[in-house]
Amino acid sequence: MDYLIAVVSDRIKAEEAYTALEKGGIPTSQVSILGKGYKSADEFGFIDPAQQAKKRATLMAIWLVPFGFVAGYTFDLITGVNSFDWAGEPWNHVLGGFAGAIAGGMGSVFVGGGVGLSVGSGDALPYRNRLNAGKYLIVVEGATILKNKATSILRPLNPENLQGYTDSDS
């Protein structure tokens with residue numbers, strides 16, 4: 001699905017753009033206004049970067065925690081370093097495994113979560129930030145022909161930003 005997103009500074013300009021699109025023959029079922037009093041980013045379906053980061057951290061933890069346990073256990077067994085001298089022979093290796101599992105869990109949170117916040121949101125984060133700043137978004141969804149027609153209608157209205165993109169998930 002192709003999208004065209006125009007950013008405008010206030011509600012009046014958003015309604016003016018919506019009216020211009022309607023008069024230009026763009027079906028209103030394919031036009032959305034996002035902002036205060038209209039749809040929110042969540043209602044429209046913009047990805048929440050915090051939710052994506054949590055999902056990535058969880059997926060990484062599924063394999064990093066067991067791997068960390070095995071690596072910690074093996075390291076303690078091979079090196080013979082008695083990090084937990086008070087625990088005795090078999091439990092020293094098990095505690096080394098738990099230390100490795102904790103390190104794997106921390107890695108999944110810091111790397112999976114951090115990368116999810118910085119990379120996983122794509123264009124959604126800047127648009128969410130603009131909505132939080134009180135701006136309005138006019139979104140036209142449809143084929144490339146419809147998007148091109150909407151671009152020619154919106155460009156004379158001088159939006160702050162006018163960007164088209166294709167959603168690869170559709």
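## Terms and model

Contact here means heavy atoms within 4.5 Å. This is a predicted model, in which local features need pLDDT of at least 70 and side-chain atom pairs count only at pLDDT 80 or more, while totals for chains, interfaces and linings use all residues. Residues are numbered from 1 along each chain as its sequence is written, and side-chain values use heavy atoms, leaving out hydrogens and water.

Helices (H or I, at least four residues) and strands (E, at least two) are DSSP runs, numbered from the N terminus.

## Lys 39

Lys 39 sits in the loop between β2 and α2 (41-44). Setting aside residues up to four places away in sequence, Lys 39 touches Ser 32, Ile 33 and Leu 34. Tyr 136 is 97 residues from Lys 39 in sequence, yet their C-alpha atoms are 9.9 Å apart in space.

Buried means under 20% relative accessible area, exposed over 50%, and partly exposed in between (1.4 Å probe, protein chains only). Lys 39 counts as partly exposed because its relative accessibility is 37%.

## Helix α1

Ala 14, Ala 17 and Leu 21 of α1 are buried. The buried residues fall within an arc of 65° seen down the helix axis, so they line one face. The arc is taken from the directions from the axis to the C-beta atoms. These buried residues pack against β1 (2-8), β2 (31-34), β3 (136-142) and α6 (144-154). On the other side, Ile 12 and Lys 23 are exposed. Just after α1, Gly 25 takes a positive phi of about 95°.
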